[in-house]
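Trainee: Could we walk through this structure together? I would like to see how each answer is reached.

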Protein chains: 2
Amino acid sequence: MSDDPTAAVLIIGDEILSGRTQDTNTSYIARMLGALGIDLREVRVVGDVEDEIVAALNALRSRYSYVFTTGGIGPTHDDITADAVAKAFGVGIDYHPEVLAMLGARYKPGEFNEMRKRMARIPLGAELVRNSASVAPGIHIGNVYVMAGVPAIMRAMMEDILPRLRRGRLVHCATVEAPIAEGRIAEALMKIQQDFSDLALGSYPYYREDGFGVQLVARGRDAARVEAAALAIEAMLCVQGAQPTRVKS
Amino acid sequence: MSDDPTAAVLIIGDEILSGRTQDTNTSYIARMLGALGIDLREVRVVGDVEDEIVAALNALRSRYSYVFTTGGIGPTHDDITADAVAKAFGVGIDYHPEVLAMLGARYKPGEFNEMRKRMARIPLGAELVRNSASVAPGIHIGNVYVMAGVPAIMRAMMEDILPRLRRGRLVHCATVEAPIAEGRIAEALMKIQQDFSDLALGSYPYYREDGFGVQLVARGRDAARVEAAALAIEAMLCVQGAQPTRVKS
């Protein structure tokens, strides 16, 4: 067993569960974490319901090195993430003087109303996640990072967060595709998986205008082993009569 | 409290957690369920790890009326969903004679190999989810529906599943947008939420080439109340000096 850090993502928002909004934050966060050698192990999506957020947060933060949340930190009544985070950690929440000052400087006189002041409510003991896209900060408490749901703001917050994270050994990845049904090469692929039990081999069929085929992906922390597995996959595909192509991962 | 059915989605696959594949199945399933009055309450994504699939499945199936899984039912070694489902339900798993026959008829002589036969392994007591996109079926056991991860196949399976589901009262939805910062209307919106406590009002800022603004969404099971809330939101936006536009939801 290694001590490479693990992570979970918690997406908060009725708009994802209703199908109104297509979540794209998860795949972005996954790729950013991957580049630091941090394994994303689980994702959950819950609605704007405090008890659900608290329960999911506590389940995930006890289990993984890091939890990243998106959504629910704006000025409106349905933005309840900061309160839920405070509740999950069993701490109070109050207006943060520095955030009040930052937000106060952002708005014209008379426009810094009570609802906008809500964005300065930070769980006690938390640190701020500053970002270039929004004056309102994200929140860092314990092993939890709380971000906005708007993708551009979430990404700016990730920029601030990434340098704070403990890195793991990088996960290397090689992808080989061929125009062949995955069922035809499944047995040979399983044998390669047995030879490379330190790697994860995935098989992903594709259906495109130019025909169908399969992408075979080798992932693992030893670059030489990943490359050896990719070569074994290419050789296997040739033997099976299909022309392999290395795909940029 | 009503007895409108609830649902969870469980996405199974390393490729989602690595960020390699953008999940689009969730939003499709969400919209299909919404059209039947079934509330999607939670989504989880787990990797190709049997214990994780079993634990998530058992947590979700005990809590919601229905669970829909996608991914992991193909012929390759990383397709372990059927076994995990059997384990979660504490039942055996075996080759299903009818599926063996269907699959056997699909392949040329000699091509129906052992790995392809894996797709005929069905948990004992389960029903089949037939579909127009793939001879390999999905699985229905208890309150759980097991589908393919490939979107076109998942959608074909949903076609077979939808008529089997208990319907709830439809959720109606109205969306009003205006070119105004959500922080400026947050207090007035909260008051409308208080007047319409039987509805869920959501506030979603947007940032587009033509400027920023906010979409305000009213959702609920009483169409007249949703329309009344939308009218109240439009009137409020006018009072706040912003021109409301009704958006097709």
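Mentor: Gladly! Two residues are in contact here if their C-beta atoms, placed from the backbone, lie within 7 Å. Keep in mind that this is a predicted model.

Trainee: With that cut-off, how many residues of chain A are in contact with chain B?

Mentor: Helix 1 (14–17), helix 2 (25–34), strand 2 (39–46), helix 6 (114–117), helix 8 (182–195) and strand 10 (200–208) of chain A each give two or more residues to the side that touches chain B. By class, that side has 18 nonpolar, 15 polar and 12 charged residues. On chain B, 45 residues take part, and the number on chain A is 45.

Trainee: In which sense do strand 2 of chain A and strand 2 of chain B pair, and which residue is the bridge partner of A:E42?

Mentor: Strand 2 of chain A and strand 2 (residues 39–46) of chain B are linked by five bridges, in the antiparallel sense. One residue to look at in this pairing is A:E42, whose bridge partner in strand 2 of chain B is B:V46.

Trainee: How confident is the prediction, and what is the ipTM?

Mentor: For chain A the mean pLDDT is 96, and 99% of the residues score at least 70. For the model as a whole, pTM is 0.96. The ipTM is 0.96.

Trainee: How is chain A laid out, and what distance separates the centres of its domains?

Mentor: Chain A has nine helices and 12 strands, and its C-alpha trace spans about 75 × 40 × 30 Å along the principal axes. Chain A is divided into domain 1 (6–164) and domain 2 (172–247). Taken over C-alpha atoms, the centres of domain 1 and domain 2 of chain A are separated by 38 Å.

Trainee: Is strand 3 of chain A enclosed or exposed, and why?

Mentor: From strand 3 of chain A, A:Y66, A:F68 and A:T70 point one way while A:V67 and A:T69 point the other way, and all are buried. In general, side chains of a regular strand alternate between the two faces of the sheet. Because five of the five residues of strand 3 (residues 66–70) of chain A are buried, the strand is largely enclosed by the rest of the structure.

Trainee: Which strands run parallel to strand 3 of chain A?

Mentor: Five bridges join strand 3 to strand 1 (residues 6–12) of chain A, with A:A7 and A:Y66 as bridge partners. Four bridges join strand 3 to strand 8 of chain A, where A:T69 has A:V146 as its bridge partner.

Trainee: Which residues have the most contacts inside the largest nonpolar core?

Mentor: Of the 249 residues of chain A, 49% count as buried. The largest nonpolar core has 105 residues. Leaving out residues up to four places away in sequence, B:V85 touches B:L57, B:P123, B:I139, B:I141, B:V144 and B:V146. Those with the most contacts inside the core are A:L57, A:V85, B:L57 and B:V85.

Trainee: Is A:R208 buried or exposed?

Mentor: A:R208 is found in strand 10 of chain A, and its C-alpha atom is 32 Å from that of A:I38, 170 residues apart along the chain. Because A:R208 has 8 C-beta neighbours inside 10 Å, A:R208 counts as exposed.

Note on methods:
Residues are numbered from 1 along each chain as its sequence is written. Chains are lettered from A and ligands numbered from 1 in the order in which they are written. This is a predicted model: local features need pLDDT of at least 70, side-chain atom pairs count only at pLDDT 80 or more; totals for chains, interfaces and linings use all residues. Ala, Val, Leu, Ile, Met, Phe, Trp, Tyr, Cys and Pro count as nonpolar, Asp, Glu, Lys and Arg as charged, and the others, Gly among them, as polar. Two strands pair if DSSP finds at least two bridges between them. A residue is buried if 20 or more other C-beta atoms lie within 10 Å of its own, exposed if 12 or fewer, and partly exposed in between; C-beta atoms are placed from the backbone. pLDDT is the predictor's confidence in each residue, from 0 to 100. Domain bounds come from an automatic or database domain assignment. A nonpolar core is a set of buried Ala, Val, Leu, Ile, Met, Phe, Trp, Tyr and Cys residues joined through C-beta atoms within 7 Å.
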